[in-house]
Amino acid sequence: MPKTIIKICGLSTPETMEAAVEAGADMVGLVFFPKSPRHVTLSDACRLADIARGRSEIVALTVDMDLHGLQRINELVQPDIFQFHGQETPEACAAARVMMRRRIIKAIGVSERADLEAALPYVNVAERILFDAKPPKDSDVPGGHGVPFDWTLLKSLDLPCPFMLSGGLDPENVAQAIALSGATAVDVSSGVERGKGVKDSGLIRAFVAAVRGAEHAKE
């Protein structure tokens, strides 16, 4: 059975980055969005990326960033993947993929079945679609709220590209989320924090262990 891909997002300290890599995270996410409590500067991101490079894939999360900003991240941080978490158009994603020569993950907010259709214009551009819970209406941050959506909406989803599940996942519920959604990749941020934006190394290890435990239960 293929291994479930695990992404730990919003890492901001060397200690938690090392914990995520050592625990076996396949992807580690750096957030470049000043409104987020998980935002990192370019200089900090470079240091964090150096810890993970060659050990886990580095994902740069941005929100409606212009090409100049993307180019700066690409040149200095050298991520493996860009994750677009805003209102980026398929055309903008395609242009960034060509210019940056990086793979693309596109996030889609979900609260009901009809929201899944928003992924369709991106399936030929993005390597993977990330389905995340829609943020509260009064929020100006598109993700990291620790709120799940109905995971069963994804169970029979038929897309030409693979998807990743995010939104409200934690060590206690990720096995159930995988079973209900059929996800082969999961992404966690607030679910491994002891405070807003503050990652916990123990929770990171527990999350990875829970996902691997769910894999063994299927065998």
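In which handedness of crossing does α3 pass α4? The crossing of α3 past α4 is right-handed, that is, the near helix is turned clockwise from the far one by less than a right angle. The model is predicted: local features need pLDDT of at least 70 and side-chain atom pairs count only at pLDDT 80 or more, whereas totals for chains, interfaces and linings use all residues. Residues are numbered from 1 along each chain as its sequence is written, and side-chain values use heavy atoms, with hydrogens and water left out.

**Packing of α3 and α4**
- Helix α3 (residues 67-76) packs with helix α4 (residues 90-100) at an angle of about 35°, their axes lying 11 Å apart; helices are DSSP runs (H or I) of at least four residues, and axes are lines fitted to C-alpha atoms over the stretch in contact, with angles from 0 to 180 degrees between N-to-C directions.
- Leu67, Leu70, Gln71 and Asn74 of α3 form the contact with Ala96, Met99 and Met100 of α4 (contact: heavy atoms within 4.5 Å).

**Nonpolar core**
- The largest nonpolar core contains 59 residues, and Ile8, Leu30, Phe131 and Phe207 have the most contacts inside it; such a core is a set of buried Ala, Val, Leu, Ile, Met, Phe, Trp, Tyr and Cys residues joined through side-chain atoms within 4.5 Å.
- Not counting residues up to four places away in sequence, Phe131 touches residues including Ile108, Phe149, Phe163 and Ser166.

**Helix α5**
- Val174, Ala177, Ile178 and Ser181 are buried in helix α5 (residues 174-181) (under 20% relative accessible area, 1.4 Å probe, protein chains only).
- The buried residues of α5 line one face of the helix, because they fall within an arc of 100° seen down its axis, the arc being that of the directions from the helix axis to the C-beta atoms.

Definitions and conventions:
Helices (H or I, at least four residues) and strands (E, at least two) are DSSP runs, numbered from the N terminus. Buried means under 20% relative accessible area, exposed over 50%, partly exposed in between (1.4 Å probe, protein chains only).
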